[in-house]
Amino acid sequence: MRLDKPAGTIYLFFPCLFSTLLAAPLTTPVASPLSVLGTSALFFSGALIMRSAGCSINDLWDRNLDPKVTRTRLRPIARGALTPFRAFAFTGVQLLAGLVILLQFPFVCLFYGIPSLLFVATYPLAKRVTYYPQFVLGLTFSWGAMMGFPALGVDLLAADAGAIRAAAALLYASNVAWTVLYDMIYAHMDIRDDAKAGIKSIALKHDADTKKVLTGLAVFQIGLLAGAGIATGAGPAFFIGSCGGAAVTLGYMIKKVNLKNVKDCWWWFVNGCWITGGAISFGLGADYLIQYMADDRQPPTDEMVQEGS
């Protein structure tokens, strides 16, 4: 379950938090802070369980590859401490727990959440057939970027929700770029062992130009994030805090990371989620609170009075 390495859970949680904070000002009335916190807490629980299930599925697929890589050779299945059958049974329990959490959201979220299992199950296969498994991981880890909208009752399929659908798509694509970026740094830790074991990765494909690729991914991530803000009518706090914060933190990380040093790659992978994810969350949170306070000061409409009575 990798409970001793929570970075994966945090990376899975952040897209959920981003979409929740981006969707909160779009509800009528603007979602309360208590509602946002409750939804975020459920998302964190789901991220913890589903990241753990993903690790179990990954270890089942990679049980013959993990013994060949220094970093993974002592994983439970790889070292023979756990049989594949027991690991499979445990994975089933994890997925059932994930379903229980998903059912705590509005029922429509079930139809948004279940398709992500396809990516969860097939990601480990990607490293066998393409040098870009990080892109498949991005499609998997970024799924929460769409989930915050239906979780707060924002209907992405409504006829008049074109701008909101565009925002959700842009936010999702932004998180895919972010996932590829940080996992490319992560992949540099195993680059020698991967080459020997025949495991494909973007780090192997673009080893000589990694920092150029990372820079391009950062530009795409920030541009797509800004597009999501424009589509939802976000204010200056979002563009300064989230987009500006992401630009500063990613730029500094790309400049400072030593891709030839395993410990340095690990440090930036672990701490980069808090640094960049925290900056984006801060900007989104500030923009939401500004809009919430502005909405709270508005006089009640006749429709609101009737609903209250």
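This is a predicted model: local features need pLDDT of at least 70, side-chain atom pairs count only at pLDDT 80 or more; totals for chains, interfaces and linings use all residues.
1. Start with helix H11: residues 210-232, 23 residues, with 33 Å from the first C-alpha to the last, close to the 33 Å expected at 1.5 Å a residue (the expected span is 1.5 Å times one less than the number of residues). Helices here are DSSP runs of H or I, at least four residues, and strands are runs of E, at least two, numbered from the N terminus.

2. Residues are numbered from 1 along each chain as its sequence is written, and side-chain values use heavy atoms, leaving out hydrogens and water.

3. Which residues of H11 are buried? Among them are Leu 214, Leu 217, Gln 221 and Thr 232 (buried means under 20% relative accessible area, exposed over 50%, partly exposed in between, with a 1.4 Å probe and protein chains only).

4. Now for the rings. There are 22 aromatic pairs: rings of Phe, Tyr and Trp (its six-membered ring) with centres within 6.5 Å, called stacked if the planes are under 30 degrees apart, edge-to-face if over 60 and tilted otherwise. Phe 43 and Phe 105 have centres 4.7 Å apart and planes at 35°, so they're tilted. Phe 43 sits in helix H2 and Phe 105 in the loop between H3 and H4, 62 residues apart; both are buried.

5. Tyr 186 and Trp 266 are tilted too, because their planes meet at 50°, with centres 6.3 Å apart. Tyr 186 is buried at 18% relative accessible area, whereas Trp 266 is partly exposed at 32%.
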